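Please view the sequence and the model together before turning to the points below.

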Amino acid sequence: MAPSITHVSGTVTSDVECRFTDSGIAVCRFRLTETPSQWDAATQKWRDGAPIRYVCTAWRDLARNAAESLTSGVTVLVKGRITEIKDNSIYLSVDDLGISLRQRIAYTEASLPSPAAAAPVTPPPAPQPTAPSPPRPATKQTGNPPAWWEKQRSSGWSNTAASGADGSPLHAGR
C-alpha cells in the first residue's frame, strides 16, 4: 500500500531540531498541532475540535530551510506522507512546507527590504524665510501682459478699470 499524502494546516509546537546523517544529509524534526473547527448546530457556533498531533520530518534542503525559518507558534501548511500512527501522534514525512500568511507577513530573500530601509531618516531642513522678490519689470515678450495691465492691477482695479486702454468702455455682457 502506498503512503497516504495529506495536507495539514497547523501550529508548530516545538523547536525545530536539525541533525545530519553520517553521510552529511540534513534531517529536521518538529511537532505540529492542528485544531480543526467543527460547527455546533445546537449553539449555531463554530467550536474547536480535538487537537490532532503530528511529528514532522523533513530532509535535505527542506530540512535546512525549515530549521532556519520555523519557530514555535508559527502556523504552517504541510504536504506530506503519513508514515506511522502511534502514541496519539501521526508521523509525517514532509514533502513541502510553507508558512501560513493568515496571521503574519513572511519575507523571502528576494522580498527583504534593503539595509538602507532600516537607516534612520533625517528630516529635511526647515525652510528659511525668503526676502520678497522685486517686482518684475514689464518687458515686451510674447505671453507677458501689456504695461497698462500691471498698472491697473497694482492700483486695485478702481472704476477706471472699466475702460479699455484706449479709454473706450468695456462691456462684460453682450
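The structure is a predicted model. Its secondary structure consists of two helices and eight strands, and along the sequence these elements are arranged as β-β-β-β-β-β-α-β-β-α.

**Overall composition**

- The protein has 174 residues, and 22% of them are buried.
- Among contacts with a separation of 6 or more, 53% are made by residues 24 or more positions apart.
- The protein has an accessible surface of about 13,800 Å². Carbon and sulfur atoms contribute 54% of that surface.

- Strand 4 covers residues 37-40 and strand 5 covers residues 45-48. The two strands run antiparallel and are joined by four bridges.
- Within this pairing, Gln 38 has Arg 47 of strand 5 as its bridge partner.
- Four residues lie between the two strands of the hairpin, and the turn includes Gln 44.

**Thr 33 in strand 3**

- Thr 33 belongs to strand 3, which spans residues 26-34.
- Thr 33 has a relative accessibility of 16% and is therefore classed as buried, the cut-off being under 20%.
- When neighbours within four places in sequence are set aside, the contacts of Thr 33 are Gly 10, Thr 11, Thr 13, Pro 51, Ile 52 and Arg 53.
- As background to reading such a strand, side chains in a regular strand alternate between the two faces of the sheet.

**Loop residues with positive phi**

- Gln 44 is located in the loop that links strand 4 and strand 5. Its phi is positive, near 60 degrees, although Gln 44 is a residue other than glycine.
- Gln 44 counts as exposed because its relative accessibility is 52%, and the exposed class begins over 50%.
- Asn 88 is placed in the loop between strand 7 (75-86) and strand 8 (89-99). Asn 88 is not a glycine either, yet it has a positive phi of about 60 degrees.
- With a relative accessible area of 76%, Asn 88 is exposed.

**Points to locate in the model**

- Which residue of strand 5 is the bridge partner of Gln 38? The partner is Arg 47.
- Is Thr 33 buried or exposed? Thr 33 is buried, at 16% relative accessibility.
- Where does Asn 88 lie? Asn 88 lies in the loop between strand 7 and strand 8.

Definitions and conventions. Residues are numbered from 1 along each chain as its sequence is written. This is a predicted model: local features need pLDDT of at least 70, side-chain atom pairs count only at pLDDT 80 or more; totals for chains, interfaces and linings use all residues. Side-chain values use heavy atoms; hydrogens and water are left out. Buried means under 20% relative accessible area, exposed over 50%, partly exposed in between (1.4 Å probe, protein chains only). Contact means heavy atoms within 4.5 Å. Accessible areas come from the Shrake-Rupley method with a 1.4 Å probe; for residues, only the protein chains shown count as cover. Two strands pair if DSSP finds at least two bridges between them.
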